[in-house]
Structures are given as structure tokens and as C-alpha cells.
Amino acid sequence: MKTATATKTATKIEAILYLKGKPLSLSEIAEYAACDRATAQEGIIELIDSYARRDSALEVVETTDGYSLQLRTDFQDLVQTLIPVELGVGALRSLAAIALNSPILQSDLINLRGSGAYQHVQELVELGFVKKRRDNESRSYSLQVTPKFHQYFQIEQLPQPFDTKEQQLELNLAIEDEVENTSD
């Protein structure tokens, strides 16, 4: 049976988890809530139970780092849609190079963009925009964009580089003809 004290503690713990925005150990929760560990444990259990019975977008979960108030996994697609990813100019340029040359060896990207691209690749992989796998024919990694890249940037198909110099020459001639025709 719930006591008023346990409910008050659970409410306080909910506020603590919300305000901290990261997993907290039971000891940390007890310290912030100004109670003993047993009382904090009761409050956590009540809070987990309360969220489990609600039709809520939030949940309290225990992770390896502690207890956390987080968005249920059912709503993770909203995070991708509503919270824009913050990418610096360098990372965006590296992403563009990967997208336009996909797949590209990481060593080739580094030659193209400089050593800062190592950090960009790590960031882009963590964000899910780039897939990185060991290349069988070299000691480098092969990089390519993921479906998340296409979905996030709303790009169905990227322009393909020219297969041959002949195709590029044909395009250049077509552009020259168009320019001549419009200037007449």
C-alpha cells in the first residue's frame, strides 16, 4: 500500500530525474532527495510502476549508469523528426563528400578533407548518417550513407558522378549549345 510519504518521494525523484536529464545512481537520487537509500528505492519502484501503468510517452528505466527518465522507444522517430541534428560545417562537408562518392574509403576521405575528417566520421556514424565497415581490399574503412541520411535530408537519389570523360564532354557541349541558342 502506498503511503503519502512514498508518493511524495516518488514525485520528488521524478522531478530530480527530469531536471538532471541523465541516469543517476540510487545513492545520487537519495542524496538529491535528502532521504536514505531504502526510501529512494521505494520511491523509484513506485515511479517505475506508475509510469508502467500510464499511457505515457515517458518511462523510468534502470540502465547500467543508473535510473533515468526517458522517452519510450516507440517515440524515438519523433526525436529524429522534431529535433534537428546539429552538424558543424566541417562535418556537413565530410558528409557531402561521403554521400557524393559513396562508398568511399576513409583514407580517401582523409586525403580529400584532412585529418579533421576522422572526428567527422565518428560523429556521423554515431548519428546514424554513415555506415563504416572494414574494407576487404585495404586497411581502411569503407564509408557510405545510410537510409537515415536519405530520410533526414529528404533525398531519394543523389546525383551520380560521370562514368566517363565522354559523358562529361557531352554535357559540356550540350550546355554550350544551350548558351549559344539563348544568346541568339
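Modeller: What follows is a walk through the salt bridges, then the strand next to them, then the remaining sheet and helix packing.

The model is predicted, so every value here is computed from its coordinates. The protein has 9 helices and 5 strands. Read from the N terminus, the elements come in the order α-α-α-β-β-α-α-β-α-α-β-β-α-α. Of its 184 residues, 28% count as buried. Among contacts between residues at least 6 apart in sequence, 46% join residues at least 24 apart.

How many salt bridges does the structure hold? There are 3 salt bridges. One of them is formed by R72 and E59, with 3.5 Å between the closest N and O atoms. This pair links distant parts of the chain, 13 residues apart: R72 sits in the loop between β2 (66-71) and α4 (76-82), and E59 belongs to strand β1. Are the two residues buried or exposed? R72 has a relative accessible area of 18% and is buried. E59 is buried as well, at 17%. Buried means under 20% relative accessible area, so the 18% of R72 and the 17% of E59 both fall within that class.

A salt bridge also joins the side chains of E14 and R54, at 3.9 Å from N to O. Here too distant parts of the chain are linked, since E14 lies in helix α1 (residues 4-20) and R54 in the loop between α3 (37-53) and β1 (58-63), 40 residues apart. E14 is partly exposed, its relative accessible area being 21%. R54 is also partly exposed, with a value of 36%.

The salt bridge of R53 with D49 has its closest N and O atoms 2.8 Å apart. Both residues are in helix α3, and because they are 4 residues apart there, about one helical turn separates them. R53 is exposed, with a relative accessible area of 53%, whereas D49 is partly exposed at 36%.

L69 is a residue of strand β2, and its relative accessible area of 16% makes it buried. Which residues does L69 contact, leaving aside its neighbours within four places in sequence? They are E14, L17, Y18, Y51, L58, E59 and V60. L69 and L58 lie 11 residues apart in sequence, with 6.8 Å between their C-alpha atoms.

S68 is likewise found in strand β2 and is buried, with a relative accessible area of 8%. Not counting residues up to four places away in sequence, S68 touches L17, P23, E59, V60 and V61.

Strands of a sheet pair through backbone hydrogen bonds, either parallel or antiparallel. β4 and strand β5 (residues 141-145) run antiparallel and are joined by 5 bridges. In β5, L143 is the bridge partner of K132.

Helix packing is the last item. Two packed helices are described by the angle between their axes and the distance between the axes. For helix α6 (residues 106-113) and helix α7 (residues 117-126), the axes come within 9 Å and cross at roughly 125°. α6 and α7 are therefore oblique to each other. On the α6 side, the contact is made by Q106, L109, I110 and R113, and on the α7 side by A117, Y118, H120 and V121. These contact residues divide into 5 nonpolar, 2 polar and 1 charged.

Note on methods
Residues numbered from 1 in each chain as written. Predicted model: local features only at pLDDT ≥ 70, side-chain atom pairs only at ≥ 80, totals over all residues. Heavy atoms only, no water. Pairing = 2+ DSSP bridges. Helix = DSSP H or I, 4+ residues; strand = E, 2+ residues; numbered from the N terminus. Salt bridge = Lys/Arg side-chain N within 4 Å of Asp/Glu carboxyl O. Buried < 20%, exposed > 50% of the residue type's maximum accessible area, 1.4 Å probe, protein only. Axes fitted to C-alpha atoms, helices over the stretch in contact; angles between N-to-C directions. Parallel < 35°, antiparallel > 145°, perpendicular 65-115°, else oblique. Contact = heavy atoms within 4.5 Å. Nonpolar A, V, L, I, M, F, W, Y, C, P; charged D, E, K, R; others polar.
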